[in-house]
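Here are my notes on this model, point by point. Please read them with the structure open.

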Amino acid sequence: MITVRTSPHVHDWVSTDKAMVMVTIALLPSALWGVVMFGFKALLVLLVSIISALLTEWLLGKINKENTLTDYSALVTGLLVGMNMPPEVPLFIPLIASIFAIAIVKWTFGGLGCNWANPAIAGRVFVFFSFSSLMSKFKNPWVWGSGAELVASATPLTQVKMEIASGLSSEVIMAEAGTPVSAVASSISSLTGLSPYTVDAFFGFTGGCIGEVSALLLLAGGIFLIAKKVISWRIPLSFILSYALLNWVFGGVRGGNGLFSGEILLPLFSGGLMLGAFFMATDWVTTPTTPKGEVIFAIGCGFFTFLIRCFGSLPEGVSLAILLMNMVSPTIERYCRPKKFGFVKVEKSKEAKA
């Protein structure tokens, strides 16, 4: 029996359930690192996100007489929603985000394979604009010895935003603000000359959302998925390189430092760039399937991320950038379709036109 479903029709040994399991495995180190850094409340946020996503999926499956839990897509959505939450966020926020992601973004449009946007991103954006104040309070990791004290928007991205406006380097801004540095970062900085704040952002000794703080673990998980051919290397590479290039060329202009003066490493390792580039911009359903389309899509994500981070009012722009490009993904797909096999374009002669 042949079941015809919506495109893309990709023939591979990687089925949906196997792919979702591998994505979960790739995400777990970053998620667990967030729990280690931020404590038991971070674990509760992850559990609430996952359980509410699974329960919503189960309930809607019962109503529609489908068993959709076994493809594990709801598990990945719930995990991504939790990883995109601040560690001290009230538990009703990830609950709402997961329900919105599954019920509204996924099931309203027909379920898996029919959604126009990445459900986890849409859920995160929905609660961010609905509860902006609560979604902007972050907890310093325990290695800084700051306990459970909350500091509104106290992430490296906020410091980078201040650097853009003031013309000073983020290292100077963060040092003047008394931002703590881990012992690991101090040691590596003294040996390599890199900013200790960049080192902390790379390893994960910094503030931020639960699953986005360790660029190293996210990079490792992304490489694992590329090696397993679950995701394409073109999207994360084009996303990261386009953002890095734009930020290097134009990132210092707003602060009066001219062209080619923007920072590269700290903005790359901070915020949700790595999480978005490897785990959300690569969603099979909401991204183009052709190589050219993937590159165009990813460059668009990098462009909008830079635009929002540098010239917008928000310090972060990854989720909004991917959501915007999800909207134009069908158009990109239409104009990047490969030529049909055996098809030759024949120009009409003037006589034929006449």
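1. A term first: contact here means heavy atoms within 4.5 Å. Keep in mind that this is a predicted model. With that cut-off, and leaving aside neighbours within four places in sequence, F239 is in contact with L273, G276, A277, A281, A298, C301, G302, T305, V318 and I322.

2. The largest nonpolar core has 74 residues. M85, F239 and F279 have the most contacts inside this core. Which helix gives the most to the core? Helix α1, residues 16-38, does, with 10 residues. Another core lies apart from it and has 5 residues, including A53, A74, I102 and W107.

3. The overall make-up of the chain is as follows. The protein chain has 16 helices and 2 strands. Of its 354 residues, 50% are buried. Among contacts between residues at least 6 apart in sequence, 71% join residues at least 24 apart. The accessible surface of the chain comes to about 17000 Å². Carbon and sulfur atoms account for 68% of that surface.

4. Now the salt bridges. How many does the structure hold? There are 3 salt bridges. One of them joins K106 and E57, with the closest N and O atoms 3.1 Å apart. K106 lies in helix α4 (residues 92-107) and E57 in helix α2 (residues 40-63), so the pair ties together parts that are 49 residues apart in sequence. Are these two residues buried or exposed? K106 counts as buried because its relative accessibility is 2%, under the 20% cut-off. E57 is buried too, with a relative accessible area of 1%.

5. E294 and R234 also meet through their side chains in a salt bridge, at 3.4 Å from N to O. E294 sits in helix α14 (residues 291-311) and R234 in helix α11, so this pair ties together parts that are 60 residues apart in sequence. E294 is buried, at 9% relative accessible area. R234 counts as partly exposed, at 26%.

6. R309 and E316 form a salt bridge as well, at 3.0 Å from N to O. R309 is buried, and E316 is buried too.

7. Look next at the surface. L194, L245, W248, F250, V253, L259, F260, I264 and L265 form a nonpolar patch there. Together these residues have about 770 Å² of accessible area. Which helix gives the most to the patch? Helix α11 (residues 234-250) does, with 3 residues. L194 comes from the loop between α8 (183-192) and α9 (196-203). L194 is partly exposed, with a relative accessible area of 37%.

8. Phi of F260 is near 55 degrees, a positive value in a residue other than glycine. F260 is placed in the loop between α11 and α12 (265-269). Its relative accessible area is 47%, so F260 is partly exposed.

9. Where is Y72 found? Y72 is in the loop between α2 and α3 (73-83). Y72 is partly exposed, with a relative accessible area of 36%.

10. Last, the aromatic rings. The structure holds 11 aromatic pairs. Among them, F128 and F129 form an edge-to-face pair, 5.2 Å centre to centre, with 85 degrees between the planes. F128 is buried, at 14% relative accessible area, whereas F129 counts as partly exposed, at 47%.

11. F202 and F203 also form an edge-to-face pair, 5.2 Å centre to centre, with 80 degrees between the planes. F202 counts as partly exposed, at 22% relative accessibility. F203 is partly exposed, with a relative accessible area of 27%. Which residues form one aromatic cluster? F202, F203 and F269 do.

Key: Residues numbered from 1 in each chain as written. Predicted model: local features only at pLDDT ≥ 70, side-chain atom pairs only at ≥ 80, totals over all residues. Heavy atoms only, no water. Core = buried A, V, L, I, M, F, W, Y, C linked by side-chain atoms within 4.5 Å. Buried < 20%, exposed > 50% of the residue type's maximum accessible area, 1.4 Å probe, protein only. Helix = DSSP H or I, 4+ residues; strand = E, 2+ residues; numbered from the N terminus. Patch = residues over 30% accessible without salt bridge, like charges linked within 9 Å, V, L, I, M, F, W, Y side chains within 5 Å. Areas by Shrake-Rupley, 256 points an atom, 1.4 Å probe, with all protein chains shown as cover. Salt bridge = Lys/Arg side-chain N within 4 Å of Asp/Glu carboxyl O. Phe/Tyr/Trp six-rings, centres within 6.5 Å; stacked < 30°, edge-to-face > 60°.
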